[in-house]
Amino acid sequence: MSSESFILGMVVVGFALIVAAVAFGSAIGDGIVASKAVEAIARQPEARPNIFTFLFLGVGVLEAFPIIGLGLALYLFFAVANVPALIKTAMGH
């Protein structure tokens, strides 16, 4: 195995780990925010519009992190590691 193949493999594993971690973290965060919003509405039904406002703000902030993480992963994948060039080198083209 050449060093280019090893680097290519590690970049792909790193990319997958970044994407999986931000997706998992965002899903857990969304679940917690939604569950707390439902609990708050159950306690105070008259505050439902305000609670929904903060629910959507919280989910919006939580969804920004996976987008940032995906952007970072794509930057590492294409700009730093230059995976398309590594694939061509590993394939012998």
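Val 13 lies in helix α1, where helices are DSSP runs of H or I at least four residues long, numbered from the N terminus. The model is a predicted one, so local features need a pLDDT of at least 70 and side-chain atom pairs count only at pLDDT 80 or more, while totals for chains, interfaces and linings use all residues. Residues are numbered from 1 along each chain as its sequence is written, and side-chain values use heavy atoms, with hydrogens and water left out.

Val 13 comes out as partly exposed, because its relative accessible area is 43%; the cut-offs are under 20% for buried and over 50% for exposed, with partly exposed in between (1.4 Å probe, protein chains only). Val 13 also belongs to a nonpolar surface patch of about 480 Å², together with Phe 6, Ile 7, Met 10 and Leu 17. Patches take in residues with over 30% relative accessible area and no salt bridge, joining nonpolar side chains (Val, Leu, Ile, Met, Phe, Trp, Tyr) within 5 Å and like charges within 9 Å. A salt bridge here would be a side-chain nitrogen of Lys or Arg within 4 Å of a carboxyl oxygen of Asp or Glu. The areas themselves come from the Shrake-Rupley method with a 1.4 Å probe, and for residues only the protein chains shown count as cover. An α-helix has 3.6 residues a turn, so residues three or four places apart point the same way.

As for the helix itself, α1 covers residues 3-43. Val 13 and Val 33 are 20 residues apart in sequence, and their C-alpha atoms sit 30 Å apart in space.

On the buried side, α1 contributes Leu 8, Val 11, Ser 26, Gly 29, Asp 30, Ala 37, Ala 40 and Ile 41. These buried residues pack against α2 (48-80) and α3 (83-91). Ser 26 is a handy example: it counts as buried because its relative accessibility is 7%. Leaving aside residues up to four places away in sequence, Ser 26 touches Leu 62, Glu 63 and Pro 66, a contact being heavy atoms within 4.5 Å.

The C-alpha atoms of Glu 4 and Lys 88 are separated by 9.9 Å, although the two residues are 84 apart along the chain.

Turning to α2, its 33 residues should span 48 Å at 1.5 Å a residue, which agrees with the 47 Å between its end C-alpha atoms. Buried residues in α2 are Ile 51, Leu 55, Pro 66, Gly 69, Ala 73 and Phe 77, and what covers them includes α1 and α3. Leu 55, for one, is buried with a relative accessible area of 14%. Its contacts are Val 33, Ala 34 and Ala 37, with residues up to four places away in sequence not counted. Within the chain, Leu 55 and Phe 65 are ten residues apart, and their C-alpha atoms are separated by 16 Å. After α2 comes Asn 82, whose phi is positive, near 50°.

The aromatic side chains round out the picture. A search of the whole structure finds three aromatic pairs, where rings of Phe, Tyr and Trp (its six-membered ring) pair if their centres lie within 6.5 Å, with planes under 30 degrees apart called stacked, over 60 edge-to-face and the rest tilted. One of them is Phe 15 with Phe 77, a tilted pair at 4.8 Å centre to centre and 40° between the planes. That pair links distant parts of the chain, with Phe 15 in helix α1 and Phe 77 in helix α2, 62 residues apart. Phe 77 counts as buried at 17% relative accessibility. The rings of Phe 77 and Phe 78 have centres 5.1 Å apart and planes at 85°, so this pair is edge-to-face. Phe 15 is partly exposed at 24%, and Phe 78 is also partly exposed, at 45%. Phe 15, Phe 77 and Phe 78 form one aromatic cluster.

Technical notes. Helices (H or I, at least four residues) and strands (E, at least two) are DSSP runs, numbered from the N terminus. The expected span of a helix is 1.5 Å times one less than its number of residues.
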